[in-house]
Amino acid sequence: MELGIGIGWRPEIADAVEALPGIDWVETVAENLCTDHLPDSLVRLRARGVTVVPHGVSLGLGGADRPDPGRLADLAARAALLGTPLVTEHIAFVRAGGPRTASPGLEAGHLLPVPRTWDALDVLCENVRIAQDSLPVPLALENIAALFSWPGEELTEGQFLAELVARTGVRLLIDVANLHTNHVNRGEDPARALDELPVESIAYVHVAGGIEKDGVWHDTHAHPVTRPVLDVLAELRSRVAPPGVLLERDDDFPPATELGGELAAIRATLATAGRAGRGARSEARAAGGDAAAPATPVGPTGVTTDAATGPGGTAEPPTEDARDRAAVAQTALLSALVAGTPAPEGFDHRRLAVQSRALAAKRADVVAKVAPELPGILGDGYRKAFLAYARTHPMSAGYRRDALDFTEQLLISGRPADDAARRRLTHWWQDRAAARPPRRTTRLVRAARAALVGR
């Protein structure tokens with residue numbers, strides 16, 4: 001399936017995407033689409049023969065629990081509505097807590113890495129098979145960027161991805177910007193990852209921008225694509241011609257001319273690396289060698305593995321014990337990131353603090369987008385107030401609920417101090433949540449409950 005060169009479709013740049021020359025396909029965030037109708041821009045693109053691929057962000061296939069049937073059904077409905085040849089998701093967990101840990105459910109609002117262990121791989125593979133059985137088209141999974149590493153990992157990224165493909169047959173969405181991010185943040189060599197993973201299983205490739213700050217690379221999708229990221233794309237292209245390559249941009253959108261320039265740089269990188277790769281492969285064949293042969297993943301005892309099996313070739317379906325262990329570990333980590341509990345043993349505390357601040361900042365940004373009236377009412381004080389709220393109030397039910405809960409906490413505490421602003425905030429809350437803000441008795445009961453939970 002050849003996709004060609006594409007760009008991430010976002011409502012903010014819909015007109016620019018339609019006008020850009022040479023766009024073969026687009027990708028859209030699945031959760032931002034309704035399941036029964038499409039935005040007019042996507043309808044027009046599809047009428048022109050442009051393929052639209054839905055890209056999911058909320059399944060959490062790396063999580064301890066099996067995929068939610070409702071989320072899978074929604075993704076399947078969007079795939080059917082778009083007539084897409086495949087759907088994509090991430091190798092990540094996005095929520096934790098709940099019945100397995102007898103604790104409140106927590107939402108990260110972001111993609112968090114799973115440990116590269118055999119235990120985690122067992123759980124992931126079963127979750128992937130469940131998703132594959134529920135979707136009407138093939139599934140491809142994306143490697144994610146990470147600010148920190150799990151202690152006690154047993155496989156490299158390339159080995160982990162190769163084993164996942166061998167067991168499930170899932171396709172790969174390789175994000176070269178994420179490989180660069182993990183190089184800066186975790187010291188991992190992108191070339192080694194590309195050598196170890198099965199490049200023939202790549203469905204398509206993501207290219208995105210980011211920024212380095214205090215020695216940490218932030219995969220922002222809000223900055224131009226950098227030369228090091230294009231260099232990783234060239235490394236990949238020297239090994240295989242990917243069926244599709246897509247430019248991602250999610251914020252601080254530049255003019256269409258700049259987007260066109262980034263697409264041109266991607267095309268040039270692919271062309272140059274393709275010519276170099278053909279020359280290298282010809283030399284290797286003449287010398288009797290095999291260029292870029294992927295490494296075979298090995299189990300913890302050094303024995304090779306094969307499809308649908310664990311180390312040693314023995315079928316090892318994930319046990320409930322493995323899921324319970326994953327649940328405890330992921331809940332402890334996510335609680336440290338969003339609820340201020342102590343960091344689990346073995347993690348880099350400084351990196352977790354960076355991740356915690358990044359999660360809170362993203363919450364503030366997304367809430368401002370889904371509820372733009374709030375920064376409009378609170379003005380310059382919005383961000384400071386929200387970040388203070390986020391330190392003690394983890395997200396549990398999505399960003400729209402987060403906006404309501406934040407507003408409720410402000411009103412309970414008698415803020416903002418300006419009477420006119422508080423009245424506007426009260427009216428906003430009333431229109432969306434209830435007939436009136438909570439009374440004093442309700443406030444006291446909720447405060448008592450919160451104090452008991454915090455003990």
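**Figure 1. Parallel pairing of strands E2 and E3 in a predicted model.** Strand E2 (residues 25–29) and strand E3 (residues 51–55) pair in the parallel sense over five bridges, where helices (H or I, at least four residues) and strands (E, at least two) are DSSP runs numbered from the N terminus, and two strands count as paired if DSSP finds at least two bridges between them. Within this pairing, Val 53 of E3 is the bridge partner of Glu 27. The model is predicted, so local features need pLDDT of at least 70 and side-chain atom pairs count only at pLDDT 80 or more, whereas totals for chains, interfaces and linings use all residues. Residues are numbered from 1 along each chain as its sequence is written, and side-chain values use heavy atoms, with hydrogens and water left out.

**Figure 2. Strand E2 with its other partner, strand E1.** Strand E1 (residues 4–8) pairs with E2 in the parallel sense over three bridges, and Gly 8 has Glu 27 as its bridge partner in E2. E1, helix H1 (residues 14–19) and E2 also make a right-handed β-α-β unit. Strand E2 is mostly covered, with five of its five residues buried, buried meaning under 20% relative accessible area, exposed over 50% and partly exposed in between (1.4 Å probe, protein chains only). In a regular strand the side chains alternate between the two faces of the sheet. In E2, Trp 25, Glu 27 and Val 29 point one way while Val 26 and Thr 28 point the other way, and all are buried.

Figure 3. Strand E8 (residues 171–175) runs parallel to E9 and is joined to E9 by four bridges, with Ile 174 standing opposite Val 205. E9 also pairs in the parallel sense with strand E12 (residues 244–247), over three bridges, and the bridge partner of Val 207 in E12 is Leu 247.

Figure 4. Gln 132 is found in helix H4 (residues 118–134) and counts as partly exposed because its relative accessibility is 24%. Leaving aside residues up to four places away in sequence, Gln 132 touches Leu 139, Thr 168, Gly 169 and Val 170, a contact meaning heavy atoms within 4.5 Å. Thr 168 is 36 residues from Gln 132 along the chain, and the C-alpha atoms of these two residues are separated by 8.9 Å.

**Figure 5. Packing of helices H13 and H14.** Helix H13 (residues 381–392) and helix H14 (residues 399–412) pack at an angle of about 95 degrees, with their axes 11 Å apart; axes are lines fitted to C-alpha atoms, for helices over the stretch in contact, and angles run from 0 to 180 degrees between N-to-C directions. H13 is therefore roughly perpendicular to H14, a term that covers angles of 65 to 115 degrees. The contact is made by Tyr 382, Ala 385, Phe 386 and Tyr 389 of H13 and by Asp 402, Asp 405, Phe 406, Gln 409 and Leu 410 of H14.

Technical notes
A crossover is right-handed if, with the strands pointing away from the viewer, the path from the first strand over the helix to the second runs clockwise. Angles under 35 degrees count as roughly parallel, over 145 as roughly antiparallel, 65 to 115 as roughly perpendicular and the rest as oblique.
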